[in-house]
Amino acid sequence: MAYYNIDAILTDAQKVPCTFELTVPGLGYLQGNAGEDMKQGTKVDLPLWLGEMLAVSNPGGSSSLATLDLPAALSHRVMNALKADPKTVDLRAQAPHFYNVGARMLELFEEEDMVDILTDTFKQRAAEIADQAHNPRSVLGEGAEFTKGLEENERQLFRSAHDGANAVKKWFETAQKT
């Protein structure tokens with residue numbers, strides 16, 4: 001994680017499901033039960049950074065404190081929907097930093113299918129984003145509806161494509177005047 005990168009910070013704050021493999025004394029406050037123990041087998045949603053630390057920790061040479069599961073944003077249901085038609089899925093509703101969460105989870109899990117699905121999804125959606133960004137109506141009301149379903153990387157792509165198209169248009173206008 002880049003220390004001062006706000007997108008990386010927000011990605012690491014994304015909640016992921018974890019299952020405790022050991023009973024941990026006094027850790028019940030993570031579940032809202034102050035002063036109690038976190039029992040073995042307890043499932044709780046934790047920020048990605050904390051879940052990762054608990055999953056890779058190995059106290060006393062035993063198993064890790066917790067296992068990390070894929071978040072709902074990367075579930076089989078969502079992956080199947082992305083395979084069917086990536087343009088119809090509201091990625092922002094899944095996770096505001098969907099691709100970043102996917103990349104972080106792929107650092108922890110070996111999911112070859114997920115790599116292909118996320119890559120294909122970005123390619124197909126990027127073409128649509130570029131088309132919408134070059135469309136003059138995209139800045140008006142029609143484009144606002146389109147951008148609602150875009151996750152943060154896609155919004156940055158949209159802004160860059162739109163600003164780039166405007167810059168080229170202005171350059172042509174000034175070149176024609178001279």
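1. In this predicted model, Glu 107 and Arg 104 both belong to helix α5, where three residues, about one turn of the helix, separate them. An α-helix has 3.6 residues a turn, so residues three or four places apart point the same way. The two side chains form a salt bridge, with the closest N and O atoms 3.0 Å apart.

2. Are these two partners buried or exposed? Arg 104 counts as buried because its relative accessibility is 15%, under the 20% limit. Glu 107, by contrast, is exposed, since its relative accessible area of 58% is over 50%.

3. Arg 104 also forms a salt bridge with Glu 52, and here the closest N and O atoms are 2.7 Å apart. This pair links distant parts of the chain: Glu 52 lies in helix α2 and Arg 104 in helix α5, 52 residues apart. Glu 52 is buried, at 16% relative accessibility. Asp 12, Glu 52, Arg 104 and Glu 107 are linked in a network of salt bridges.

4. Helix α2 covers residues 48-56, and its buried residues are Leu 48, Leu 50, Gly 51, Glu 52 and Leu 54. Which elements do the buried residues of α2 pack against? They pack against helices α1 and α5 and against strands β1, β2 and β3.

5. A further salt bridge joins Glu 154 to Arg 125, with the closest N and O atoms 2.6 Å apart. Glu 154 is in helix α8 and Arg 125 in helix α6, 29 residues apart, so that this pair too links distant parts of the chain. Glu 154 is buried at 0% relative accessible area, and Arg 125 is buried at 5% relative accessibility.

6. The count of salt bridges in the model comes to five.

Conventions: Residues are numbered from 1 along each chain as its sequence is written. This is a predicted model: local features need pLDDT of at least 70, side-chain atom pairs count only at pLDDT 80 or more; totals for chains, interfaces and linings use all residues. Side-chain values use heavy atoms; hydrogens and water are left out. Buried means under 20% relative accessible area, exposed over 50%, partly exposed in between (1.4 Å probe, protein chains only). Helices (H or I, at least four residues) and strands (E, at least two) are DSSP runs, numbered from the N terminus. Contact means heavy atoms within 4.5 Å. A salt bridge is a side-chain nitrogen of Lys or Arg within 4 Å of a carboxyl oxygen of Asp or Glu.
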